[in-house]
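Hi everyone, thanks for making time.

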Amino acid sequence: MDPEKLQVVAYCCEYCSYNAADLAGGLRLQYPAEIKVVMLPCTGKLDMMFIMKAFEDGADGVMTAG
Amino acid sequence: MIVAEQKSLEEMKALISDAEKVLVLGCGTCVTVCFAGGEKETMIASSSLRMATKLDGKDIKIEHATVQRQCEWEYLDQVADQIKDADVVLSLGCGIGVQAIVERFPESWVVPGLNTTFLGLPSEQGVWVERCAACGECVLDITGGICPIARCSKSLMNGPCGGSEDGHCEIDKDVECAWQLIYDRLAAKGKLDSILKLQPPKDWSSSRDGGPRKIVRPDLRFINEELEE
């Protein structure tokens, strides 16, 4: 599988990593379009089902940052 | 509470292998608090089975639902349509739940997703221990609130036996000797005379030896049912 085609869902905390992703966008920094960022109010909100759902819907990987 | 453990994903896959439509049905009572078959475990098991069967190249429609208590028909009736619509109901309730579904919906095929294990309590986070054997004639008054039926490996009524060593049972050094616990507790409470009296052989007819058990409470029955009798 082409690593550049891997679909990754990134669950990011609103107060840190999501802001970083937002800032990256503001600075016009490029990151792969295959990374789908999902904002969480806190990574403590991350539920097992969010991860299962991502895989079930075809994600190749899930990352969480917070 | 009734304590149970989930069967492995492989076992659950085998149980639903011939089905086209599956309902994974959780229970919101005992197996929720022992993290075996509650709402979350049911969602995860359902999702895992969907992915696992898809990877095996099978096209099985797997849905999930959780009722407050599988062992009462009124709660099962709330998901009657889903039960009837499924080829197989994979119950994540205890063995009572499985049988309650079968009795209420005899046309449905119901399989157990859990291994019902014992009656017990959580002694610490992630650890459950057996505390009651449902023998039908409670002796906890004699033994200071520590059950010799469930906790003594031999269910002795006059213990300890010769296999008790340093407070532990001969079957496993990690198993506490129930009779040592009973002795220590009664000694601390100044009630050792409670176990000085020799206990006669226990009447096991109130337990499983008497066959399947039943309780009838006439005061709780509907009047018309009483009249019919």
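Some housekeeping before that. What you see is a predicted model, where local features need pLDDT of at least 70, side-chain atom pairs count only at pLDDT 80 or more, and totals for chains, interfaces and linings use all residues. Residues are numbered from 1 along each chain as its sequence is written, while chains are lettered from A and ligands numbered from 1 in the order in which they are written.

Okay, chain A. It holds two helices and three strands; by helix I mean a DSSP run of H or I with at least four residues, by strand a run of E with at least two, numbered from the N terminus. Starting at the N terminus, the elements of chain A go β-α-β-α-β. Its C-alpha atoms fill a box of roughly 30 × 30 × 10 Å along the principal axes.

How are the strands of chain A arranged? They make an open sheet in the order β2-β1-β3, and the pairing is parallel. Pairing here requires that DSSP finds at least two bridges between two strands. The edges are β2 (35–40) and β3 (61–65) of chain A, each of which pairs on one side only. Neighbouring strands in this sheet are turned by 20° against each other on average, direction ignored. For one of the pairs, take β1 (residues 8–13) of chain A, which pairs with β2(A) over six bridges; there, V8(A) stands opposite I35(A).

Now look at helix α1 (residues 17–26) of chain A. The helix packs on the sheet and touches β1, β2 and β3 of chain A, with its direction at about 115° to that of β1(A). For those angles, axes are lines fitted to C-alpha atoms, for helices over the stretch in contact, and the values run from 0 to 180 degrees between N-to-C directions. And contact means that the C-beta atoms of two residues, placed from the backbone, lie within 7 Å.

So where do the chains meet? Five residues of chain A are in contact with six residues of chain B.

On to chain B. The domain assignment, which is automatic or comes from a database, gives domain 1 (2–118) and domain 2 (134–210). The C-alpha centres of these domains of chain B lie 37 Å apart.

Chain B also has an open sheet of three strands, in the order β1-β6-β7, but with antiparallel pairing. The edge strands are β1 (2–6) and β7 (127–132) of chain B. Strand β6 (residues 114–124) of chain B pairs with β7(B) over five bridges, and L119(B) stands opposite C132(B) there.

Next, the inside. A nonpolar core is a set of buried Ala, Val, Leu, Ile, Met, Phe, Trp, Tyr and Cys residues joined through C-beta atoms within 7 Å. Buried means 20 or more other C-beta atoms within 10 Å of a residue's own, exposed means 12 or fewer, and partly exposed is in between, with C-beta atoms placed from the backbone. The largest core has 36 residues, and V22(B), V24(B) and V31(B) are among those with the most contacts inside it. β2(B) gives the most to this core, with five residues. Apart from it lies another core, of 13 residues, including C147(B) and L181(B).

Let's zoom in on C94(B), in the loop between β4 and α6 of chain B. Why does C94(B) count as buried? Because 27 other C-beta atoms lie within 10 Å. C94(B) touches residues including I2(B), A4(B) and C30(B). C94(B) and V31(B) are 63 residues apart in sequence, yet 7.1 Å apart in space, C-alpha to C-alpha.

Most residues other than glycine have a negative phi, and most peptide bonds are trans. F35(B), in the loop between α2 and α3 of chain B, has a positive phi of about 55°. S155(B) has a positive phi too, about 50°, and is found in the loop between α7 and β8 of chain B. P160(B) has its place in the loop between α7 and β8 of chain B as well, and a cis peptide bond joins G159(B) to P160(B), with omega about -5°.

That's my tour; happy to take questions.

How values were computed:
Lists of a residue's contacts leave out its neighbours within four places in sequence.
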